[in-house]
Amino acid sequence: MDYKAIAQQTAQEVLSYNQDTSGWKVVKISVIISGFLFPFEKKITVSSKASRKFLGNLYRVEGIIPESTFKLSDFLYQPGNRVAWDKALKVYNMIHRIDSETFICHTITQSFAMGSISPRDFIDLVYIKRCEGNMNIISSKSVDFPEYPPSSNYVRGYNHPCGYVCSPLKENPAYSKLVMFVQTEMRGKLSPSIIEKTVPSNLVSFVLNAKDGIKTHKAPSGRGHHNGHASFQKKK
C-alpha cells in the first residue's frame, strides 16, 4: 500500500473541503463568556453537510486559537502529549513512522453520550502538508495496517478524509484560525440521531481542550507520561 500517495491525496481532499463554501448548515454556535478574550476568540462554529463518502455528515468546525500557526500545527500533529489534553481520547499512539511528515497511529476514544456510544478504535494515516501563506494542513484517513487488526474489545471505526487547516489570523498573526473537518463512520449498532446530537458538542469541546492544552504546554511545568489503558465495555 502506497501510504505516502494516500496521505497526499487526503491532504488535497481536506484542502478542497476548506475551499468549499456552499451547502454548509450551521448546527451549533458556542460563545465563550469566561475570561478576557478578544472578540474574534469568543465564537466556535460547527457546520455540516452530507458526506459524499458515506451515509453520514461531513462536519466543519471553526475557531480561533491564541497561538502562531507553526506552533499550533506542531502541537496538533505531534502524538506525544495528545491524550494529556484531548479528553475524547484514552489512547493515541504512533505505531509506524513513514517519514518526518507522515505516520500511522492507533487511537482509542472515550465513550460518549453518557455511555450510549462505546469506545471506538481507529488506525489512521496522519500527514502534515505545509502550504504557501504559512497555511498548514494536517490530514487523517483510516487505513488497513496488518500489524493492528481489529480487536474484539472495540468497534473499529473508520475516518474518511479528516483534518485541520491552520492559518494565521488576519487581525492578529500571533493567533491562528483553526478549521477542522470530520467525517467519521462510527460503525456498530448506533442510531444516526444519537451521532448527530453528540458530534457537534464533542467538536466544540475539542477546540476548547486544544486551547487549554496549549496554555498548559506553554506553562513551565513538568508533564508526566500518559498511558491509555483499555477498558472492556459492551459494544454499541
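Leaving aside neighbours within four places in sequence, Leu203 is in contact (heavy atoms within 4.5 Å) with Val46, Tyr59, Val61, Met180 and Val182. The model is predicted, so local features need pLDDT of at least 70 and side-chain atom pairs count only at pLDDT 80 or more, while totals for chains, interfaces and linings use all residues. Residues are numbered from 1 along each chain as its sequence is written, and side-chain values use heavy atoms, with hydrogens and water left out.

Leu203 also stands out in the largest nonpolar core, where, together with Leu76 and Tyr164, it touches the most other members of the 35. Helix H4 (residues 192–218) is the main contributor to this core, giving 8 residues. A second, separate core has 20 residues, among them Tyr3, Ala11, Leu58 and Val165. Such a core is a set of buried Ala, Val, Leu, Ile, Met, Phe, Trp, Tyr and Cys residues joined through side-chain atoms within 4.5 Å; buried means under 20% relative accessible area, exposed over 50%, and partly exposed in between (1.4 Å probe, protein chains only). Helices (H or I, at least four residues) and strands (E, at least two) are DSSP runs numbered from the N terminus.

Asn134 sits in the loop between strand S6 (120–130) and strand S7 (136–142) and is partly exposed, at 41% relative accessibility. Arg187 belongs to the loop between strand S12 (184–185) and H4; Arg187 is likewise partly exposed, with a relative accessible area of 37%.
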